[in-house]
Every structure is written in structure tokens, then in C-alpha cells.
Amino acid sequence: MKQLLLGMPYWRYELKNFKKRKNLIKKFIKKYPLTKSNLQNYSSNTNLFLNNPDKQIEFTQEVIKLLSEELKHFAKDIKKNMVVTRSWAVSYKKGEDQIMHHHGNKAFTAIMYIDFDHKKHSPVIFKKPWPNIFTGKIEFIPPSPHLKEGSLLIFPACLEHFAPVNLSEKERTVISFDIDFNE
């Protein structure tokens with residue numbers, strides 16, 4: 001009988017009243033301009049934060065307020081106290097992507113989908129931590145199907161992941177953040 005030996009948990013929450021909240025979120029993001037550096041194939045406000053750490057703290061505090069209900073649910077689900085350590089916004093225009101990476105020794109990483117058309121955009125893609133047992137090939141997997149604007153994914157920060165090339169004329173925008181235990 002086949003059984004599951006190893007599994008990797010992740011959490012998914014849907015922001016309530018997202019259609020109403022979306023405009024507020026987009027106005028909030030505009031206060032922290034997204035720019036593109038030579039090293040990245042996407043626009044982000046991390047460049048702003050490198051030069052102004054106080055803006056990073058401000059942005060993170062706003063994200064915590066914005067997602068307070070969902071973060072309370074997550075803390076209850078994992079039965080741990082936690083803290084959002086830093087956050088940022090990313091936008092992908094047509095042809096833009098983000099290479100495979102992970103977030104190191106943080107406990108969790110989160111992605112909240114702001115501008116996302118599930119028919120035109122691809123969500124984050126995860127690299128399976130081990131190769132296929134039959135072929136030895138590396139495999140990749142998307143999170144649960146039917147992600148939409150207002151979906152919030154939280155997953156172990158050590159998981160390698162990437163944002164595929166945006167093939168659409170529509171921008172794909174997310175807010176991401178790292179979470180650590182607060183004990």
C-alpha cells in the first residue's frame with residue numbers, strides 16, 4: 001500500500017472583501033515606488049529600502065496591519081507566536097520573471113497576489129526538494145490550483161521557488177514577506 005513519507009505543508013488564505021481592499025493596497029504600494037535594477041528582471045521596492053531602511057520598517061508595519069486577520073489565523077494554525085521580519089512588493093511586466101531562490105533560515109515566506117489573472121499569469125513555482133524517484137529528474141510544482149487576486153500563500157522559507165516569465169500584457173503584482181518565530 002502506497003503511503004506518504006515526507007510532505008511539505010503550506011497555508012493558503014483568501015483575503016476577505018479583496019475587491020474593495022485592492023484599490024487601497026495599490027495606493028499603499030504606490031507610496032513605496034517599484035523600480036528595476038540591473039541585476040533583476042522585475043520591479044520591486046527593495047531598491048528603495050536598501051537606501052532607506054526606515055521605509056522598509058514602515059512598509060512592513062503597514063503589511064502587518066493590512067493582513068492582521070490572516071496573520072492571526074496563521075499563528076493559530078501553527079500554534080506559535082510569529083513576527084513578520086520584512087516585506088516588499090514586486091511587479092512583473094510582460095517578459096519579466098524572477099530566478100529560482102529561497103529565503104534561507106527564516107521560518108516562512110508569504111506571497112499575496114494583488115494583480116493576478118489565473119488565466120494569463122502563472123503563480124509561484126516550487127522546486128521539489130528531491131528528484132523524481134523513477135527518472136532522477138528535477139521536478140517543479142505550482143501551489144494549489146485556482147489562485148486568484150487576494151490569495152495569500154505561506155510556505156517554508158527554505159523551499160526553492162521562482163516566478164515564471166509573465167507572458168501577458170497584464171502586470172502581475174504581489175506583496176511578499178518573511179516570517180520568523182517570535183519566542
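Modeller: Start with the second largest pocket, which is lined by 25 residues. Trp88, Val90, Tyr92, Gln98 and His101 are the ones nearest its centre. Keep in mind that this is a predicted model.

Colleague: Which elements give two or more residues to that lining?

Modeller: They are β3 (82-92), β4 (98-101), β5 (108-115), β9 (161-163) and β10 (172-181). The largest share comes from β3, with 4 residues.

Colleague: And how much space lies in that second largest pocket?

Modeller: About 370 Å³.

Colleague: What classes of residue make up its lining?

Modeller: The lining of the second largest pocket has 12 nonpolar, 11 polar and 2 charged residues.

Colleague: OK, now the largest pocket. How much space is in there?

Modeller: About 580 Å³. The lining of the largest pocket is made by 23 residues. Nearest its centre lie Met8, Lys128, Pro129, Trp130 and Ile141.

Colleague: How does that lining split by class?

Modeller: For the largest pocket, 17 lining residues are nonpolar, 3 are polar and 3 are charged.

Colleague: You named Lys128. What does its side chain meet in a salt bridge?

Modeller: Glu139. The N to O distance is 3.0 Å. Glu139 and Lys128 are both in the loop between β6 (125-127) and β7 (140-141), so the pair ties together parts that are 11 residues apart in sequence.

Colleague: How exposed is Lys128?

Modeller: Lys128 is partly exposed, because its relative accessibility is 29%. That value falls between the cut-offs of 20% for buried and 50% for exposed. Glu139 is partly exposed too, at 24%.

Colleague: Why do side chains like that pair up at all?

Modeller: Side chains of opposite charge can pair when their charged atoms come close.

Colleague: How many salt bridges does the structure hold?

Modeller: There are 14 salt bridges. One of them joins Asp115 and Lys22, with the closest N and O atoms 3.1 Å apart. That pair links distant parts of the chain. Asp115 is in strand β5, Lys22 is in helix α1 (residues 18-30), and they are 93 residues apart.

Colleague: Are those two buried or exposed?

Modeller: Asp115 and Lys22 are both buried.

Colleague: What about Lys94? Which residue is its salt-bridge partner?

Modeller: Glu169. The closest N and O atoms of Lys94 and Glu169 are 3.1 Å apart. This pair also links distant parts of the chain, 75 residues apart. Lys94 sits in the loop between β3 and β4, and Glu169 in the loop between β9 and β10.

Colleague: And how exposed are they?

Modeller: Lys94 has a relative accessible area of 47%, so it counts as partly exposed. Glu169 has 68%, so it counts as exposed.

Colleague: Switching to the surface. Which residues make the nonpolar patch?

Modeller: Leu5, Leu6 and Trp130. The patch covers about 370 Å². Trp130 is also one of the residues nearest the centre of the largest pocket.

Colleague: Where is Leu6?

Modeller: Leu6 is in the segment before β1 (11-14). Leu6 counts as exposed because its relative accessibility is 52%.

Colleague: Now the inside. Is Phe177 buried or exposed?

Modeller: Phe177 is buried, because its relative accessible area is 0%. You'll find Phe177 in strand β10.

Colleague: How far is Phe177 from Leu50?

Modeller: In sequence, they are 127 residues apart. In space, the distance is 16 Å, C-alpha to C-alpha.

Colleague: Last topic, the backbone. What is phi of Asn17?

Modeller: Near 55 degrees. That is a positive value in a residue other than glycine. Asn17 lies in the loop between β1 and α1. Asn17 is exposed, because its relative accessibility is 55%.

Colleague: And phi of Lys79?

Modeller: Phi of Lys79 is near 55 degrees, again positive in a residue other than glycine. Lys79 lies in the loop between α4 (68-78) and β3.

Colleague: Why does Lys79 count as exposed?

Modeller: Because its relative accessible area is 70%. The cut-off for exposed is over 50%.

Definitions and conventions
Residues numbered from 1 in each chain as written. Predicted model: local features only at pLDDT ≥ 70, side-chain atom pairs only at ≥ 80, totals over all residues. Heavy atoms only, no water. Patch = residues over 30% accessible without salt bridge, like charges linked within 9 Å, V, L, I, M, F, W, Y side chains within 5 Å. Areas by Shrake-Rupley, 256 points an atom, 1.4 Å probe, with all protein chains shown as cover. Salt bridge = Lys/Arg side-chain N within 4 Å of Asp/Glu carboxyl O. Buried < 20%, exposed > 50% of the residue type's maximum accessible area, 1.4 Å probe, protein only. 1 Å grid on protein atoms, 1.4 Å probe; cavity = no way out; pocket = protein on both sides within 12 Å on 5 of 7 lines; lining within 4 Å. Points joined across faces, edges and corners; volume = space filled by probe spheres on them. Nonpolar A, V, L, I, M, F, W, Y, C, P; charged D, E, K, R; others polar.
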